[in-house]
Amino acid sequence: MKKTLKRAWIAWLCVPVLFSCATYNNKMSGYYNSIGQADYYRAKSLLEQNSLLQQDRNRLLYYMEKGKVYHLLGSYDSSNLYLNLADSFIEQKRKTLGDAVVGNLLNPMMQTYLGEDFERFLLHYYKALNYLYKGDVTEAVVEARRITLSTQAQQDKFKPNADRYTEDAFALIVQGLIYEAAGDINNAFISYRNATDLFLSAKGPNYYGVRMPEQLKNDLLRTASQMGFSDMVDVYQRKLNRNYQPAQIGEGGELIVFFERGMVPEKTEQNFVLMQQGNGNGVFLFNSQYGSFNVPVDFSAARISPNHSRLNEFRTIRVAVPSYTPRTYPFAEAAVTVNGQKFTAELVEDLNTLAPEILKERILKEVGSALTRQITKKLTEAGASAVAREISKGSSKEKDDRKKERNAETAALTAGLLVNLFNTATEKADTRNWQSLPATIQYVRVPLQKGNNQLSLQLGRSVKNITIQAKGDLQFYNWSVSH
């Protein structure tokens, strides 16, 4: 028994060494580095070789990343093949009882990944661009309508007027642009109005890090005027404190350019110690940069009674919760020069701000789940010790009661340590995310002359020259820059 106990202690001490590097981002680092270096063929190869993403619980991530890398390669049919698979996966897959069990007994990394809320909106953005680049405006409009469905699904998750992320302003702007491209000015106006109202309802000057773009104001007033909604023009001129001046659109139409910069914040893990409040009432204090608040044990999820006597033993508990580490990028102006004119882009989506803010909004749920998981694990350790003690007593041939009791205690301690080893090794926060999404997106609308137009795109020191054949309609172009 003493040898067994010694081996258990040695194994327990090795846990940090054995498991400290086994994280999602570590196993995906080669792929992300290739994306950052714009080596998309190598990124695709590494993605296909990654065994972690072949597991069903990570299937959505594989679809999203594969769809994104094909988009970057300009293979728009292949991109939408995988992005549609991702969309269907989200629609059809739901967390099962098995997910709940492994989440409580192991960690949420073992559950089926169903995506962050903002990732679902970005799916529609990339799918719509793929369809537009193929000249399939009808399917792009389907994606515009699906943005409405995704918005309704997001709103249904929370109570009315909840101070939560229930709509995405960027997605609504994209929706309006798609409707415009299809000639549906009425629905374009509705989308722009919804996006404008979202910015106006924000508590501060920004909506998740983004100030209302001037282009959005122009598009709202222009489409309202085109539809003959003079009352709406008057209302929003007052709300936006500006006078609408109709602008002449050239014969060549216009180009919408999206500048995608960097990569979305990395999801990491943070550990916190929770202290139980009162006399074993199952309420723990969580104190962090998110603030201080009480976290009750979810007794139903832990499958224990609120009056469970062993809760009194847990005065402090360590929990692992996810955290975002935003990437810092120096300021760089994004602009398009065409036909002797320069047009500066505006920020329209800031995932560097949005992702951490959404996590902050649900941090109580994350901590509560981690607490329930740790309580379940602690009770499992106690149960394993009790069983080992009884088995040792029942099978012992010792005649000396004191030796029999010592052996039983050693068996109980050994069993508890071994279970503790397993529990410690498996205690992780869910650090999975669609990492190849951009940190920020800027956009600009530029007029074109009929025929060939030579455009110079600039983002900081990066420059790209493109040629656009203008035919009088609304066209789109997105440029991804890693730095």
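Predicted model: local features only at pLDDT ≥ 70, side-chain atom pairs only at ≥ 80, totals over all residues.
So, how many bridges join strand β3 to strand β11, and do these strands run parallel or antiparallel? Eight bridges join them, and the strands run antiparallel. On the chain, β3 covers residues 254–261, while β11 covers residues 440–447.

A quick reminder for anyone new to sheets: strands pair through backbone hydrogen bonds, either parallel or antiparallel.

Now for another sheet. This open one also has four strands, ordered β9-β8-β12-β13, with antiparallel pairing. Here β9 and β13 (462–470) are at the edges with a single partner strand each, so one side of each has no neighbour in the sheet. Neighbouring strands are turned by 25 degrees against each other on average, ignoring direction. Let's look at β8 and β9: they pair in the antiparallel sense over four bridges. Val 336 has Phe 343 in β9 as its bridge partner.

Between β8 (334–338) and β9 (341–344) there's a loop, and Asn 339 is in it. Asn 339 counts as partly exposed, at 35% relative accessibility.

Asn 241 is another one to click on. Its phi is positive as well, about 55 degrees, and again the residue is not a glycine. You'll find Asn 241 in the loop between α13 (230–240) and β3, the strand we began with. With a relative accessible area of 70%, Asn 241 is exposed.

Right, on to helix packing. Take α10, residues 169–181, and α11, residues 185–200: they pack at an angle of about 165 degrees, with axes 7 Å apart. An angle over 145 counts as roughly antiparallel, and therefore that's what we call α10 and α11. Their crossing is left-handed. Among the residues making the contact are Leu 172, Ile 173 and Tyr 179 of α10, and Ala 188, Tyr 192 and Leu 198 of α11. By class, the contact of α10 with α11 has 11 nonpolar residues, five polar and one charged.

Helix α11 also packs with α12, residues 214–226, at an angle of about 140 degrees and with axes 9 Å apart. That makes α11 oblique to α12. The crossing is left-handed here too. The contact includes Phe 189, Arg 193 and Thr 196 of α11, along with Leu 216, Asp 219 and Leu 220 of α12. The classes for the contact of α11 with α12 are nine nonpolar, three polar and two charged residues.

And if you look for Tyr 192, you'll see it listed in the contact with α10 and in the contact with α12. That's my tour, thanks everyone!

How values were computed:
Residues numbered from 1 in each chain as written. Heavy atoms only, no water. Axes fitted to C-alpha atoms, helices over the stretch in contact; angles between N-to-C directions. Helix = DSSP H or I, 4+ residues; strand = E, 2+ residues; numbered from the N terminus. Parallel < 35°, antiparallel > 145°, perpendicular 65-115°, else oblique. Left-handed = near helix turned anticlockwise from the far one by under 90°. Contact = heavy atoms within 4.5 Å. Nonpolar A, V, L, I, M, F, W, Y, C, P; charged D, E, K, R; others polar. Pairing = 2+ DSSP bridges. Buried < 20%, exposed > 50% of the residue type's maximum accessible area, 1.4 Å probe, protein only.
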